[in-house]
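Dear colleague,

Please find below the structure that I am handing over to you.

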Amino acid sequence: MFCIKPTLLVFMVFIACAYPQSPDGYNLWLGYDKVGKPKLLKEYKDLTNSIYFEDGGEVLKTAKKEMVTGMEKILGTTLNFTEASNTNNTFLIAKTATLETSLKEKMSDDLSEVGSEGFVLKSITHKGKKLFVLAANEDIGILYGVFRLLNLMQQHKDLSTISLVEYPKIDLRMLNHWDNLDRTVERGYAGFSLWNWHKLPEYLDQRYLDYARANASIGINAVSLTNVNANSLILTPMYLEKVSALATVFRPYGIKVYLTARFSAPMEIGGLETADPLDPKVQQWWNNKVNKIYSLIPDFGGFLVKANSEGQPGPQNYGRNHVDGANMMARALQPHNGLVIWRAFVYSEHDPEDRAKQAFSEFVPLDGLFRDNVLIQTKNGAIDFQPREPFHPMFGAMPNTPLMMEFQITQEYLGFSTHLVFLPKLYEEVLDSDTYSKGKGSTVAKVVDGSLDNNKISGMAGVSNIGNDLNWTGHPFAQANWYGFGRLAWDPYISAGTIADEWLRATYSNNPDFIEPVKNMMLNSREAVVNYMNPLGLHHIFDTGHHYGPGPWVHELSRPEWNPTYYHKADTKGIGFNRSNSGSNATGQYAPEVAKTFNDPNTCPEEYLLWFHHLPWDYTLKNGYSLWDGMALKYEEGVDQVEEMIETWNNAQPYITKEQYQEVHMLLKIQLKEAKWWRNACLLYFQTYSQKALPKEVEKSPKSLEYYQSLKFPFAPGIRPQWD
Ligand code: GCV
């Protein structure tokens, strides 16, 4: 007979109380609470007294459905639509082509500015009456406009004098899922993959639709479904049918599907003896494959390719280069307007050159040689999504090639999904960096949006942090990173502060007593993580493989550049990687103005100090402390900042539900424990070289270095079983 032990019962009751039973967090930023302020509610209701919403294709229908769903919740009432537009309408939603002539003339300047995806949202006086108008040139613009309007209402914005002319600054706004066909997610910390390949194509999980809604609400228009460490099977007929089913769900939300293409697929699933891109049989195989895909998915986006990187096959296996490989696929895709997104994340264990220099060395000489439908996807920094990296020197160095930004939203090197880290601060820092490639003001944002070099196409990708966890992202605040990525892909010039503000209002509360402290907590959270993990330009000192926790002592891995000791180079004299002109000269890959600043430790921003310089332990920092003391104090500061985050969250209790409080509180406790782990382990290890005492402000470790070195995590999330 099945019976539960009393102790287990107590535990289960506790769990049942501690976790919400309802799908808290599932609605993301689309919860749409009713507006409580009577004056504002009346203003919003007046606006929607009589609505004309142009009828049309599936995207327009979706827009109308979203408007009804959102507004009826926000207003607590049903909306009144008219069949045809009339002079009593208070709100008009229509495309340029159907606007009556006088309105079209009134709005023509704005409408010509917003292109195919933008919209105009205006409160105007028309024929002596107030009229609220949402107009766009294409259906998708209306959908984006509806979501924006709902978002403004969620933020309780005054709409009475609004005049918003918005359009995306970047063409391709894309999520890259690193999802495997067995539903594990490489570097995924929010459960398993959303894509239930086994049940597709027949079974369409409600989640697919909700995922599409969330993406469209922030302007994401492209998703790559599969891991860049690709499996050729995804290109077989059985899987393509499943992909087609997903594409059908996403289409009404303006989202195109992309797939990762394994370069050796012609051999693995095509029976060919080679995958040489110059072999006509290989070229024909790709042409046929692409034609087949478009017969199933007419708006298929294209391929995302990781080639000749970390063991993935590529054109170099056949003595060819990236141009040969990318252009072969581009030729196959071009007749269908498909794109190739070719990744620049390459480095080789056989190349003794500083790893940070290798992608630039390989790709920059190829500038201008890629076909028009190729984008080169480049990580934000030259190593690998570290808590802080200087911007990748390729940005600004390939004016004749569209460089697509690749950010990581999943927190591989930022505490997985247990640490609260608001990533738009990181993204903003990178986008605002000045490449000086065309003089002062040549920011990374201008390279990425194509405005600096007049590129024909532009893109930004984010490695997804989404899984099948109830709240999608594991940590409730990790939703803000998905949201923030989308907002920055739409407009890379929005500030992180604005994004945090918007997200908090839409997700939690509009109460300023809640917003201000919690927003500050979010905005400081990234710096806290840098402080307790990788201060002063330290990088890649994570434990091996899973990257969970510190491992600065790791030095015996087969590939030199997989060892943390390669990156920090600590010795009895000092610490840091000399990438200046007296070292690897990675600084020489930047424009002269930038190189000059980085080359000199006195002008190099201290947050990048040990990225570019190997300095003695008693080197004096700008604040007067020695390098050793300053580093130790930074580690301590990071821990103290997490303590403050806990206090802030405790004070936020009156404004949120018990469940919302409890969930984040428990996660912050883990974050604090791990921040201390980082501080203790790193300082004990580096102390074996510095041989110096810790400053008195720094708490001493209760455990030995040997203890921290002995910790093993064979089942840390985010790694594939075969890596164990
Ligand atoms: C998908 C890092 C990660 C890998 C990832 C790789 C990449 O090395 O640790 O998991 O592989 O980057 O971006 O291709």
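How much area do domain 2 and domain 3 bury between them, and what part of it is on carbon and sulfur atoms? In this predicted model, the two bury about 2100 Å² between them, with 59% of that area on carbon and sulfur atoms.

To place these parts in the chain: the domain assignment gives domain 1 as residues 31-166, domain 2 as residues 172-507, and domain 3 as two segments, 531-577 and 614-710. The C-alpha centres of domain 2 and domain 3 are 31 Å apart. Their contact draws on 25 residues of domain 2 and 27 residues of domain 3.

On the side of domain 2 that touches domain 3, nine residues are nonpolar, nine are polar and seven are charged.

The second topic is the ligand. It is surrounded by 15 residues, of which E186, K306, R343, K379 and E412 are the closest. In E412, a side-chain N or O atom lies 2.6 Å from an oxygen atom of the ligand. Polar side-chain atoms of two further residues also face ligand oxygen atoms: that of E310 at 2.7 Å, and that of R187 at 2.9 Å. Taken alone, the ligand exposes 340 Å², and the protein buries 96% of this area.

With kind regards

How values were computed: Residues are numbered from 1 along each chain as its sequence is written. This is a predicted model: local features need pLDDT of at least 70, side-chain atom pairs count only at pLDDT 80 or more; totals for chains, interfaces and linings use all residues. Side-chain values use heavy atoms; hydrogens and water are left out. Domain bounds come from an automatic or database domain assignment. Contact means heavy atoms within 4.5 Å. Buried area is the accessible area (1.4 Å probe) that two parts lose on being put together, summed over both. Ala, Val, Leu, Ile, Met, Phe, Trp, Tyr, Cys and Pro count as nonpolar, Asp, Glu, Lys and Arg as charged, and the others, Gly among them, as polar. A residue is near a molecule or strand if one of its heavy atoms lies within 4 Å of it. A polar contact is a pair of N or O atoms within 3.5 Å; within protein, one must be able to donate a hydrogen and the other to accept it, and residues adjacent in sequence count only if both atoms are side-chain atoms. Accessible areas come from the Shrake-Rupley method with a 1.4 Å probe; for residues, only the protein chains shown count as cover.
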